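User: I'm new to this one. Can you walk me through it?
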Amino acid sequence: MIHVTSISNPRLAQAFIDYMATQGIHLTMRPTNEPALVELWLEDESRLGFVEQELNQFSRDPLNERYQAASWQAGKSGYSFKYHNSLNLSTLKSQSGPLTISVTALCILVYLWMQVAGDSNVMRWLAWPNGEQYLELWRWVSPALLHFSLTHLLFNLALWWYLGSQVERNMGAGKLFEITIVSAVFTDWAQSLFSGSHFGGLSGVVYALISYVWLTGEISPKRGISVPRGLIAISVIWLLVGYFDMFSLNIANAAHFSGLIIGLLMGLWDNLRKQKN
């Protein structure tokens, strides 16, 4: 799938989508971080030249009758663009991918296990390795699955779903897996320097995704992933809250900071390498 253009009028964008459908070409409209601005994406990249040619004609006369006729033919006249917020299972699955769903399910299952067996019993199996446990390789990433309150779990999973699903949809499960494993190991190790094995949570991975997705959206917007700049600001503010202990909260500051750094480094590496190629 390839980015074709951005249009500041969703109604006109839909008219062009409907017209291209009559030509046997499927375009997808996606919202952006700016109100009323939408992106058009093409599934069949081999038809890009034809689509761009038609787009030039459309730009010169977007109110031409043939575009309105196409909307009528598609049964979408009077269409208004909406940000759907459906929480049914099929919508959630279509907006994410197997890896996003699997990590979400694992975090929920581990949290339920902790409620039944107790935190300490679960941490005996999943906490960061101590002493002779370093050869138990799952422990290098399993602390990311540990959450000690429902708020902790829901906050991390909401951001994981929002960011991870973008990466998995647009860059593939392999890239999301790479970011997740690298950031989990790096942030868990960083936090262990301050907390030993007494920590847990997906927030280090989430911080890595925030910085990775933000940087990629800024450098390579055609990859189709982005975060609002306000989320970056909130993330930095939350880092400061943790470091200055403003509300006496037990925050994994080292995991957050190291996650932000590793995400930036991975994003810089991937995007600069992509530009050279």
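Analyst: Let me start with a term. Helices are DSSP runs of H or I with at least four residues, and strands are runs of E with at least two. Also, this is a predicted model.

User: OK. What does UniProt list as "transmembrane region"?
Analyst: The unreviewed UniProt entry lists residues 99-117, 137-163, 198-215, 227-244 and 250-269.

User: Let's look at a helix. How many residues does α10 have, and how far does it reach?
Analyst: Helix α10 covers residues 229-243, which is 15 residues. From first C-alpha to last it reaches 22 Å. That is close to the 21 Å expected at 1.5 Å a residue.

User: Which residues of α10 are buried?
Analyst: They are L231, I232, S235, L239, V241 and G242.

User: Switching topic. How many salt bridges does a search of the whole structure find?
Analyst: The search finds 4. One of them joins E136 and R139, with the closest N and O atoms 2.5 Å apart.

User: Are those two buried or exposed?
Analyst: E136 is partly exposed, at 26% relative accessible area. R139 counts as buried, at 3%. The cut-off for buried is under 20%.

User: What does K175 pair with?
Analyst: K175 meets E178 in a salt bridge, 3.2 Å from N to O. Both sit in helix α8, residues 173-195. They are 3 residues apart, so about one helical turn separates them.

User: How accessible are they?
Analyst: K175 is buried, with a relative accessible area of 14%. E178 is partly exposed, at 32%.

User: What about R273?
Analyst: R273 forms a salt bridge with D270. Their closest N and O atoms are 3.4 Å apart. The two are 3 residues apart in helix α11, residues 253-276, so they too are separated by about one helical turn.

User: Which residues are linked in a network of salt bridges?
Analyst: K175, E178, D270 and R273 are linked in one.

User: Now the strands. What order do they take in the sheet?
Analyst: The order is β1-β3-β2, in an open sheet of 3 strands. The pairing is antiparallel. The twist averages 30 degrees from one strand to the next.

User: Which strands stand at the edges?
Analyst: β1 (2-7) and β2 (27-31) do. Each has a single partner strand, so one side of each has no neighbour in the sheet.

User: What holds strands together in general?
Analyst: Strands of a sheet pair through backbone hydrogen bonds, either parallel or antiparallel.

User: Back to this sheet. How many bridges join β2 to β3?
Analyst: There are 5 bridges between β2 and β3, and β3 spans residues 38-42. The two strands run antiparallel. T28 stands opposite W41 in β3.

User: Last one. Which helix lies across β1, β2 and β3?
Analyst: Helix α1, residues 10-22, lies across them. Helix α1 runs at about 165 degrees to β2.

How values were computed. Residues numbered from 1 in each chain as written. Predicted model: local features only at pLDDT ≥ 70, side-chain atom pairs only at ≥ 80, totals over all residues. Heavy atoms only, no water. Salt bridge = Lys/Arg side-chain N within 4 Å of Asp/Glu carboxyl O. Buried < 20%, exposed > 50% of the residue type's maximum accessible area, 1.4 Å probe, protein only. Expected span 1.5 Å × (residues − 1). UniProt positions renumbered as here; feature names shortened; annotations may be inferred. Pairing = 2+ DSSP bridges. Axes fitted to C-alpha atoms, helices over the stretch in contact; angles between N-to-C directions. Contact = heavy atoms within 4.5 Å.
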